[in-house]
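Thanks for coming. I will go through one model this morning, starting with a local detail and ending with the core. Please have a look at it first.

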Amino acid sequence: MTKHFDVIIVGLGPVGTLLTLLLNQAGIKVLGIDKDISIFPLPRAANIDDEGMRIMQRVNLESAYSDHFSNPSGAIFTDKNLNRLSGMDIPDDFYTGNGWLPTYFFWQPYADKTIREFLLNSGATISLGTELLSFSQNSEIVELNAYNSESEKECKFTSRYLIGADGASSLVRKLCGIRLESLGYDKDWIVVDVETNDDHDLGNYAIQVCDPDRMTTFIPFPKPFKRWEFLLLDDEDKHEMMKERKVRELIGPWLESEKYKVIRSASYRFHSVLAKNFQKEKVFLVGDSAHQGPPFMGQGMMSGYRDAINLYWKLNFVLKKSFPENILKTYNVERRPHAQFIVEGSAAIGKLMEAYSIGSRDNTIDEIPEEVINRGYGSFRIPVLEKGILFNQSSCNNPLIGELFPQPIQFHNTKIKERNDKILGDDFSILSKIDINIKKRESIFLNKINAKFIILKDKEIKENQWLSMFMQSSDTYIVRPDRYVFGATTKDISFSDLLTDLQSQLEV
Ligand SMILES: Cc1cc2nc3c(=O)[nH]c(=O)nc-3n(C[C@H](O)[C@H](O)[C@H](O)COP(=O)(O)OP(=O)(O)OC[C@H]3O[C@@H](n4cnc5c(N)ncnc54)[C@H](O)[C@@H]3O)c2cc1C
């Protein structure tokens, strides 16, 4: 008999796994399949940011990243002799509004192992060694054909929704006929990961070396690991350049050969592409199947995590709270432009590296156009949500709308004692420093969206600089399940105005 699910997720890389866990936790009948039996054993992603850590808190998996990490002292651009051209420093005790350090370098095989074990014990239905072959959809249902390598048999599944989390060469995307749009960066690089004996002075900065002879990136992974990325030159053969002898030549200026062991070298085409649409009827694309950028920003997986949390709460509202399916259309509206900024921003960092390289060779660094510099750096500032389920459907009238609301944190002296995001609940929350009179009709709707009502005490607000900043700008906020601000009261906009608008957008 064909097994039926609410949602089927194809691909259990980091993004598909997170979405499976979120949906399963919400009581949604979800099946996750992956063509491979085991996790990919080598690292790709190097960095998770503060927002990613906060998202992982939702599935109690933040320790997969925080148990073994290094936090860099900053990210800098240098000339070929490692003289700093520009960059930013990161104090090691700076916690953002999300309640975490801005960036964590981690060793992906360790994190993925913990996450995979957690997934297998989560109660979600997981089928490993199961490869999607084809699917069809109508207005009611999606039907999948897959092949299981253990039983050596074809199998069929049906679901209400299908998620393509199947990575860069996504079959789901191809079967939907969704094209990838190129955003203009396309170069081959060699990525080398090594294990050192810790006897070195490589420092703790992520470095973009703007060397006109060969651009290079250095990543200070947690001990004992390090990564270099080397641009492949036009006349070089990538297979030749990946050989250990060549790799050691490239690392030579940084570290003596006896001080490290090469774990792997791989060639990657660093390109920037974006799917034309992240949805086709009942099928959604998340993660690398929807967007891929060069890794200079360390935001590829992060963009996928944002896709996962965005789609999760909307599917939850449709499947568990019986809201109309139309809200799922806002997934593409909200996520596509945001992902585009990240892909273009990553490419902009690559372009700034090129400009610095040429400038340091020709002594024309002072002539680099301001927009190239601003976009290169500006990329590190993650944008707000601009359109979608926001008051008046747009963040342009109030700078706090579409921002992430700060995580409520309990401090002991100046140290973080407890991160209390869970008090915001799983769905919408209302945070206010004043009492609000709720009308009967409003309370019916608030119950329907399972809203949590939280009156913040003076002490809590004062203790958290981010919360203070938000609560100085407005008395009351409506915060979405993914912690983005839906709306804030002003002298002209009452709580009832916010709620009426939210209701009209969710019940379309
Ligand atoms: C060198 C490098 C450095 C990077 N650094 C960072 C970084 O620092 N920070 C960051 O956030 N991101 C980084 N990234 C990007 C990040 O690695 C990716 O964005 C992330 O792995 C994408 O995850 P995903 O789950 O979407 O896809 P994937 O990890 O590719 O997972 C896709 C899964 O789908 C499965 N699959 C495919 N086809 C099928 C099928 N037909 N049926 C069933 N299963 C299928 C595959 O087996 C796989 O498990 C980097 C990438 C590279 C290459």
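Is asparagine 60 exposed or buried? Asparagine 60 counts as exposed because it has 12 C-beta neighbours inside 10 Å.

Before going on, two notes on the source. Residues are numbered from 1 along each chain as its sequence is written. The model is predicted, so local features need pLDDT of at least 70 and side-chain atom pairs count only at pLDDT 80 or more, while totals for chains, interfaces and linings use all residues.

Back to the backbone. Asparagine 60 is not a glycine, yet it has a positive phi of about 55°. It sits in the loop between helix 2 (50-57) and helix 3 (63-66). Helices here are DSSP runs of H or I with at least four residues, strands are runs of E with at least two, and both are numbered from the N terminus.

Asparagine 392, also not a glycine, has a positive phi of about 60°. Its loop runs between helix 10 (370-378) and strand 20 (409-412). Asparagine 392 counts as partly exposed, because 15 C-beta neighbours lie inside 10 Å.

Proline 224 lies in the loop between strand 14 (216-219) and strand 15 (225-231).

Next, the domains. The protein is divided into domain 1 (3-70 + 107-180 + 273-346) and domain 2 (391-506); the bounds come from an automatic or database domain assignment. Their centres, taken over C-alpha atoms, are 28 Å apart. The contact between them takes 11 residues from domain 1 and 9 residues from domain 2, where contact means C-beta atoms, placed from the backbone, within 7 Å. On the side of domain 1 that touches domain 2, helix 2 and helix 8 (300-319) each supply at least two residues. Helix 8 gives the largest share of that side, 4 residues. By class, that side of domain 1 has 6 nonpolar, 2 polar and 3 charged residues. Nonpolar covers Ala, Val, Leu, Ile, Met, Phe, Trp, Tyr, Cys and Pro, charged covers Asp, Glu, Lys and Arg, and the others, Gly among them, are polar.

Strand 9 pairs with strand 10 (residues 142-148) in the antiparallel sense over 7 bridges; pairing requires at least two DSSP bridges. A hairpin of 4 residues joins the two strands, and serine 136 stands opposite glutamate 143 in strand 10.

Last, the core. The largest nonpolar core has 134 residues, of which Val7, Leu19, Ile163, Val286 and Ala308 touch the most other members. Such a core is a set of buried Ala, Val, Leu, Ile, Met, Phe, Trp, Tyr and Cys residues joined through C-beta atoms within 7 Å. Domain 1 and domain 2 each contribute at least three residues to this core. Leaving aside neighbours within four places in sequence, valine 7 has contacts including Leu23, Ile28, Ile163 and Leu315.

Methods: A residue is buried if 20 or more other C-beta atoms lie within 10 Å of its own, exposed if 12 or fewer, and partly exposed in between; C-beta atoms are placed from the backbone. Two residues are in contact if their C-beta atoms, placed from the backbone, lie within 7 Å.
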